[in-house]
Amino acid sequence: MTDIRHSPKRWARAGGLSTLLAKGLTPPRPPVLILSLPRCGSIWVGKMLGQSRQGLYLREPMNQSKLEIEGEGTVFMVHGDDAPSNTYRAAADDAFRGIPRFSRRVVKEPSRWRVDRLLYRSHVLGGRVVIKDVNPLALGWLLANHQFKLIFLTRHPAAVAASWHRMGWMEGIESRLEDILGQELSSEIQSEHTQSLWSCHGAMQALVYRYVFDTLDSIPHDSYRTVSYESLCKDPEEAFQGLFEFSGFPYNEHARKRVRQHSRKEEDRKEEPYSTHRRSTDMINVWRRDLPKAKQSEIREGYLSMHPPVYENGTW
């Protein structure tokens, strides 16, 4: 179960009564789920959509609940017949019902969930809960158990690997494949790729993308959008306009201004690992500068060996 004691909203700490209250308080429209591997721009997209007048943003409710309650890092293994933990299931139930029964790490703007503002945003403005999370292998389970509109983000695998390396997440990944991917998927990675963490990481990303796109083939095309981090960076205003319209949010001048502010970073702004401020055009090919050619080749070899649906030969 999620830990209701830490919710910043009192009405969300009322147990079963909170569930009843949510039916009248929160938006009747299905949430928007923003899903990606970590370090693919989901924080950026979540914040832009979540700060619209209609938006109610929850940042990684399932992942952060698992971290806080079970004390484990990001775990991707929820695909196939695997059922997620009780913590993950309870957090998903609360998130998709629009109950902010989470800590401030998840409920980033508690004032938006105040009862009077919530009623106005939900039933006058036509609001929608915006959920951002980073477990793509949970997609099949989420589709079977919840209703939502999906935005799936991709990013060049070399850029993701470089970012994971900067965050200190790469260490020992070769020995953690089964924990991350599960036995079925991890068994597809050949032994030669586990000799290099860079090749191994590329193969892991390809398997995740392959699983997601195979899953998307089974649902209506108008229920999801896929968007690359590179397209967001190249032309943020046009790309975000499409995401706002898909989500049912107006892309007005207020929204355009926010997008511009978060895609044209000032020269003296300190770079933060989770910042949504960036000079977006500089981010597209930063991996080519940061990664030695040999590491780029290792990532490419592992990635392409898994026959991925995106970022094939022409993008390297």
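**Notebook: a sheet and the helices around it**

I began with helix H3 (residues 61–70), which lies across S2 and S3 and runs at about 55° to S3. For angles, I used axes fitted as lines to C-alpha atoms, for helices over the stretch in contact, with values from 0 to 180 degrees between N-to-C directions. The helices (H or I, at least four residues) and strands (E, at least two) are DSSP runs, numbered from the N terminus.

A note to myself on the source: this is a predicted model, where local features need pLDDT of at least 70 and side-chain atom pairs count only at pLDDT 80 or more, while totals for chains, interfaces and linings use all residues. Residues are numbered from 1 along each chain as its sequence is written, and side-chain values use heavy atoms, with hydrogens and water left out.

**The whole protein**

I found 15 helices and 5 strands in the protein. Of its 316 residues, 55% are buried (buried is under 20% relative accessible area, exposed over 50%, partly exposed in between, with a 1.4 Å probe and protein chains only).

**The sheet**

In what order do the 5 strands of the open sheet stand? I read S2-S3-S1-S4-S5, with parallel pairing. Two strands pair if DSSP finds at least two bridges between them. S2 and strand S5 (224–228) are at the edges with a single partner strand each, so one side of each has no neighbour in the sheet. On average, neighbouring strands of this sheet are turned by 20° against each other, direction ignored.

Next I looked at S1 (residues 32–35). It pairs with strand S3 (residues 128–133) in the parallel sense over 4 bridges, and Leu 33 stands opposite Ile 131 in S3. Another 4 bridges join S1 to strand S4 (residues 149–154), again parallel, and there Leu 35 has Phe 152 as its bridge partner. Phe 152 also stands opposite Thr 226 in S5, and S4 and S5 pair in the parallel sense over 5 bridges.

Are the faces of S1 covered or open? Both are covered: Val 32 and Ile 34 on one side, and Leu 33 and Leu 35 on the other, are all buried. This reminded me that side chains in a regular strand alternate between the two faces of the sheet.

I saw H9 lying across S4 and S5, at about 150° to S4. Helix H8 (residues 177–186) packs against helix H9 (residues 197–216) at an angle of about 55°, with the axes 11 Å apart. The pair is therefore oblique (under 35 degrees is roughly parallel, over 145 roughly antiparallel, 65 to 115 roughly perpendicular, and the rest oblique). Which residues of H8 and H9 make the contact? They are Leu 177, Ile 180, Leu 181 and Leu 185 of H8, with Cys 200, Met 204, Leu 207 and Val 208 of H9 (contact means heavy atoms within 4.5 Å).

Helix H7 (residues 157–167) is mostly covered, as 8 of its 11 residues are buried; Trp 164 is one of them. H9, helix H14 (286–290) and helix H15 (293–304) are among what covers the buried residues of H7. After H7 comes Gly 168, with a positive phi near 80°.

**A loop residue**

Last, I checked Gln 51, in the loop between helix H2 (42–50) and strand S2 (55–59). Gln 51 is buried, because its relative accessible area is 19%. Apart from neighbours within four places in sequence, Gln 51 is in contact with Glu 109, Arg 112 and Arg 258.
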